[in-house]
Amino acid sequence: MVHIIPRLIVGIILAQTLPFKFSGAEESIWIFEQIGWEPWGRYLIASIETVSTLLLLTNLYIFGAIISLSIISAANFLHFTKLGFIVNDDGGLLFILSIVVIFCSLWIVLYWNMRRVEQKAANFEFDWVDDELDELIED
């Protein structure tokens with residue numbers, strides 16, 4: 001359950017922006033014009049976000065999280081450099097959503113890595129003798 005909720009949050013946030021990007025909504029066109037990527041960049045980013053969203057719903061969710069983290073990190077960079085934090089009087093909503101996606105994607109990647117380490121470590125047996133461990137701690 002711990003990794004399913006962040007996956008759903010990222011998937012919902014990314015999926016809700018897709019119709020605006022694919023349909024050519026005014027705000028999407030304006031954003032991509034500001035960075036000089038209209039129209040090809042808008043379609044490319046929307047396609048990548050679609051793949052990421054679909055991967056988040058499968059057992060390959062780690063790839064979806066890495067892709068979403070990459071795309072949204074680039075979007076945040078553009079908020080810091082070209083777009084600003086408030087885009088078309090949205091009150092900073094796009095920026096806040098991008099921060100949420102970054103944190104959730106990081107959570108997914110870290111959780112996956114933690115589970116992977118636990119699985120690998122389960123194959124090792126450590127025969128520590130308490131006396132030896134106490135000596136190591138005292139030194």
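**Questions about a helical model**

Visitor: What makes up the largest nonpolar core?

Guide: In this predicted model, the largest nonpolar core has 12 residues in all: V10, I13, L14, L56, Y61, A65, L69, I72, V101, I102, C104 and I108. Two or more residues of this core come from each of α1, α4 and α5. Apart from it lies another core, of 8 residues, including I35, I71, L83 and V87.

Visitor: What makes a set of residues count as a nonpolar core?

Guide: The residues must be buried, belong to a list of nonpolar types, and be joined through side-chain atoms within 4.5 Å. In soluble globular proteins, nonpolar side chains tend to be buried together.

Visitor: Which residues is L56 in contact with, leaving aside its neighbours within four places in sequence?

Guide: L56 is in contact with R7, V10, G11, Y61, G64, A65 and I108. Of the residues in the core, V10, Y61, A65 and I108 are among these partners.

Visitor: Why is S52 called buried?

Guide: The cut-off for buried is under 20% relative accessible area. S52 has 1%, so S52 is buried. The residue lies in helix α3, residues 40-56. Leaving aside neighbours within four places in sequence, S52 is in contact with L14, G64, I67 and S68.

Visitor: Which residues does a cis peptide bond join?

Guide: The cis bond joins E38 and P39, with omega at about -5 degrees. P39 is in the loop between α2 (26-34) and α3.

Visitor: How do you know that the span of α5 agrees with its number of residues?

Guide: The expected span is 1.5 Å times one less than the number of residues. Helix α5 (residues 93-121) has 29 residues and should therefore span 42 Å; the C-alpha atoms at its ends are 42 Å apart, which agrees.

Visitor: Which residues of α5 are buried, and what do they pack against?

Guide: F95, S98, V101, I102, C104, S105, I108 and Y111 are buried in α5. The buried residues of this helix pack against α1 (4-23), α3 and α4 (61-83).

Visitor: What describes the packing of two helices?

Guide: Two packed helices are described by the angle between their axes and the distance between the axes. For α4 and α5, the axes come within 8 Å and cross at roughly 145 degrees. Their crossing is left-handed. Residues that meet there include Y61, A65, L69 and F80 in α4, and F95, V101, I108 and W112 in α5.

Visitor: How many helices and strands does the protein chain have?

Guide: The chain has 6 helices and 0 strands. Of its 139 residues, 32% count as buried.

Conventions. Residues are numbered from 1 along each chain as its sequence is written. This is a predicted model: local features need pLDDT of at least 70, side-chain atom pairs count only at pLDDT 80 or more; totals for chains, interfaces and linings use all residues. Side-chain values use heavy atoms; hydrogens and water are left out. Helices (H or I, at least four residues) and strands (E, at least two) are DSSP runs, numbered from the N terminus. Buried means under 20% relative accessible area, exposed over 50%, partly exposed in between (1.4 Å probe, protein chains only). Contact means heavy atoms within 4.5 Å. Axes are lines fitted to C-alpha atoms, for helices over the stretch in contact, and angles run from 0 to 180 degrees between N-to-C directions. A crossing is left-handed if the near helix is turned anticlockwise from the far one by less than a right angle, and right-handed if clockwise.
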